[in-house]
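Dear colleague,

Please find the structure below, handed over for your records.

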Amino acid sequence: ARAPVTNAQYQLFVEHGGGRAPTHWEGDRSPKSLESHPVVYVDHDDAVAYCRWLSQVTGKQVRLPSMAEWEKAARGDQDKRIYPWGDAWEPTRCNSKELGLGATTPVGIFPEGASPYGCHDMSGNVWEWTADVYDKEAGYFWAKGGSWRNDAEWARASAAGSGLIVWGRDASYGFRCVCVPISHG
C-alpha cells in the first residue's frame, strides 16, 4: 500500500468486519480529527485480522509485508539508500522526534519523503507491523519505519524494532498492507 492503514479505513473493519476498536476511539468511531491519521493502538493480531477481512471484501490476497518486502518498498530496488528519499537526513520529510509534533500526522503529508515507489510514511509516523517473527515463543514480531517518538536512527530503511508482544497496543504502532498478485498458471 502507498500509505499505512488510516483510522477511517480501519473503522470500516470495526463496523463491518468485527474488528476491535482502538482504545482511544469514541466507542466504535474514530475521532473525526484523526480519520486520515494512521490507525494506532492495534496489535499484530488486529493487523492480521484486518488483512484477512480486506481479503474477503476485495477477493484479493491481502497480508502484512515481510521485512524484505517492506524494505524494498522503502528503498526501491536499485540502491541501498538510507532513507526513502536518499542518504541525507532531512527532518522535514517525515514525522519523527526531530520534527517535534509529539503525535501522528495525516498519512501522505510529506510528499518529499516518499520512496522511489511512491510509498508514503515509510520513515516515521508509526512503526509498521510486519509478518516476520522476532521471537515466536514470546510472541514478538518485527516492526519497521520508526515513529513520531523516534529519532533519525530509527527512521532508516534498514532499522527494525522487535515490536511489542503480539497482543501489545501502543500509540506508535500501526501497519500497512500488501496485496499479493494472483498467479495464473
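A search of the whole structure, which is a predicted model, finds 16 aromatic pairs; rings of Phe, Tyr and Trp (its six-membered ring) pair if their centres lie within 6.5 Å, and planes under 30 degrees apart count as stacked, over 60 as edge-to-face and the rest as tilted. One of the pairs, Y83 with W85, is stacked, at 5.2 Å centre to centre and 5° between the planes. Y83 is buried at 7% relative accessibility, and W85 is buried at 12%; buried means under 20% relative accessible area, exposed over 50%, and partly exposed in between (1.4 Å probe, protein chains only). Y134 and W142 form an edge-to-face pair, with 4.6 Å between centres and 85° between planes. Y134 is partly exposed at 42% relative accessibility, as is W142 at 22%. Ring pairs also join Y10, F13, W25, Y50, W53 and F175 into a cluster.

Regarding how the model was read: residues are numbered from 1 along each chain as its sequence is written, and side-chain values use heavy atoms, with hydrogens and water left out. Local features need pLDDT of at least 70 and side-chain atom pairs count only at pLDDT 80 or more, while totals for chains, interfaces and linings use all residues.

Turning to the cysteines, the whole structure holds zero disulfides, a disulfide being a pair of cysteine sulfur atoms within 2.5 Å. For C119, the closest cysteine sulfur is that of C177, at 12 Å, which is too far for a bond. The sulfur of C177 has its closest cysteine sulfur in C51, at 3.7 Å, again too far for a bond. C119 is buried at 9% relative accessibility, and C177 is buried at 8%.

C51 also belongs to the buried residues of helix α2, together with H44, D46, A47, Y50, W53 and S55. Helices (H or I, at least four residues) and strands (E, at least two) are DSSP runs, numbered from the N terminus. Helix α2 covers residues 44–58 and reaches 21 Å from its first C-alpha to its last, close to the 21 Å expected, that is, 1.5 Å times one less than its number of residues. Its buried residues pack against α1 (7–17), β1 (61–63), β2 (127–135) and β3 (140–144), where contact means heavy atoms within 4.5 Å. Just after α2, G59 takes a positive phi of about 75°.

Yours sincerely
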